[in-house]
Amino acid sequence: MTHPKPISETDLSLARQFDALVDMLPGDPAARRAAFATFEKTGLPTRRLESWHYTDWARLTGAALPPLPADASADVADASYIADPLRNLTEINALSVNGALTAHMPFPEGIEFMSFSDGMKAGNPLFDVVGTVFPDSTDPMVALNSAMYTDGLAARIGPGLKFPLPLQAICVIGARKPGALYMRGLLVVEAGAEVTIIDGLVGPEDVETQANTVTEIVVGEGAKVEYVTFNGVGGKTEVFTALGVHLGKNAMFNTLNFALGGRASRHQVHVTAAGEGARLGIRGVSLLSGNQHGDCTLVVDHAAPDCESRELFRTVLDGSATGVFQGRIGVRQAAQRTDGQMASNAILLSDDAAMNNKPELEIFADDVVCAHGATCGALDDDLLFYLQARGLPRAEAEALMVQAFCGEVLEHVSDENLRERLNGIVANWLKARAGA
Amino acid sequence: MLEIKNLHARIAGTETEILKGLTLTVKAGEVAAIMGPNGSGKSTLSYVVAGKEDYEVTEGDILLNGQSILEMEPFERAAAGLFLAFQYPLEIPGVATMTFLKAAMNAQRKARGEGEIAPGDFMKAVRGAADRLGISQDMLKRALNVGFSGGEKKRMEILQMALLRPKFAILDETDSGLDIDALRIVSEGVNALRSNERGMLVITHYQRLLDHIKPDTVHVMAKGRIVQSGGPELALELEKNGYRDFVDAA
């Protein structure tokens, strides 16, 4: 078949990969072809695309690596891939390797849990929502995922079910040779259910890999969901993660992204507050060093009245790392009495680090309270002096302040055990920095 | 104990000299007061002694127990036993007061080659000192100085001093922003820490503080130097006649 406008060698090789794979992938090939056609309109995003202006993905990622085999369990048999910080956090409820479910605990009644490909093949009605949660599916990376994904996890939490402990799903990139992975997730939380989910992505430290995961989440009326994403991939990985979320009436949704790994990473969140009275929080901590590039991009679409959103992102940059925050709160005309507050703060620990902040408000309703703010700078010298005058060496004073800076985001994590682990990861990052 | 000899200091990277040949000696067990008008360099003196980077010493020396501290980092000066109670204690969002107190105590112990304080001893020490200063448990749980009133911040400074047990303490306008009750509590906290081994330098604008913390010696500072030294009666004289005579003479 012919492709309309391949714009680079990389895009061409992605097209060849797609052609070779499309008929073997689960789901409707026509839908996949349509998705790939959307991708091809732009190819891998470059600065020319406004939503990717600060993250030139085509330049950051280089060549398109070959697809990784689905069965790579042997590659991760020693489990050393699983990032230490998260190990033993809670029992891992589901472990997948390259998107394929390899092990899971028995789930209580009321949870439907399956691999994405099995669910698709069985024609499970749960999958009717796939592709609808991102209202704007023109994003090339989301479209590329829709065309290429091989597998992933899917779950439905039945109405009114409540889980006191977080459920943890860890996805391991299993690769001994360079390769790329496209994974899909689906979570449907029915009315009144309450759940905390930890979604971790880890991978090899020394193998070049590319990962693209798209997760769609539907939160039913009055349901409460906390969704923590943890990027602990290796330093030679380029990782794109996207969350699309649809909130029903009086739903409550909180998500936190903890970005630690990856040569280049972009975490993209699109939440539609579709039901009135929904409350949501989107937060993130990014720790970037060396020449890492880390991007967090959000869109909050307030489509119904009386909703509240809180966005708080904190980025710590060392070495010659680059951080990006783009956040847009949109308030439609119907979304009266919206209360939206967004902030992005960055600390630059080195002169060569850089941060790009781009917060935006787009308001069509007249009775709203919305605000955004962005800051970026070095640690406050006066505060550092105060701590030093009390006996803390400079490095310890800096660490205490960075810990506090991140801690103000992490305090929103409801599970104490998880919160302490994440704080511990910040402490370890600072220790590694001091030792470097 | 603390000897400041012909100290000249300027704002780093500028020609603006603030301290112009200041000489002052405070002995162990002595409480010395420095009084002086706005702009005479009192706060600069406290910062220079504590080692703030914003100032550079161009001449002279500062000795603590006979040892020059000029080349020491601020944390080393703290570990050597120097304490500065800030005129404007800083708010540190996100750092729980207890975490900060423990970090400070352990950092100084470490610098002196001592082990970390046992959690039980730490709690006991903090509770005891906090009770004496009327600092509630709730304040200790909050982020350091965040949302504290002026008086609460000053009490927190004295709490830190009580826990760190410095050899020499500089109190920079500890009375500013205090109401009468808070002034009494803070002063009692300071007086409880007076000892034959500890020296103190109390910087203030007003005689009022010296009614509560009675100094052994009083020094008048003007235009970056000590221009007059005497006993407690000097403070009373200043209260009556103002600084003008000294400023004019300086």
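Colleague: How do you know that chain A is in contact with chain B, and how many residues take part?

Modeller: Contact means heavy atoms within 4.5 Å, and 16 residues of chain A meet that rule with 33 residues of chain B. This is a predicted model, where local features need pLDDT of at least 70, side-chain atom pairs count only at pLDDT 80 or more, and totals for chains, interfaces and linings use all residues. Residues are numbered from 1 along each chain as its sequence is written, and side-chain values use heavy atoms, with hydrogens and water left out.

Colleague: What area is buried between chain A and chain B?

Modeller: About 2000 Å², with carbon and sulfur atoms giving 70%; buried area is the accessible area (1.4 Å probe) that two parts lose on being put together, summed over both. In chain A, A:Phe385, A:Tyr386 and A:Arg390 lose the most area to chain B, together 40% of what that side buries.

Colleague: Why is the meeting of B:Glu157 and A:Arg390 called a salt bridge?

Modeller: The term asks for a side-chain nitrogen of Lys or Arg within 4 Å of a carboxyl oxygen of Asp or Glu. The side chains of A:Arg390 and B:Glu157 meet at 2.7 Å, N to O, so the pair qualifies.

Colleague: What makes helix 6 of chain A mostly covered?

Modeller: Helices are DSSP runs (H or I, at least four residues), numbered from the N terminus. In helix 6 (residues 381-389), 7 of the 9 residues are buried, that is, under 20% relative accessible area (1.4 Å probe, protein chains only). Among them are A:Leu383, A:Phe385 and A:Tyr386. Their cover includes helix 7 (394-410) of chain A and helix 3 (97-111) of chain B.

Key
Chains are lettered from A and ligands numbered from 1 in the order in which they are written. Buried means under 20% relative accessible area, exposed over 50%, partly exposed in between (1.4 Å probe, protein chains only). Helices (H or I, at least four residues) and strands (E, at least two) are DSSP runs, numbered from the N terminus.
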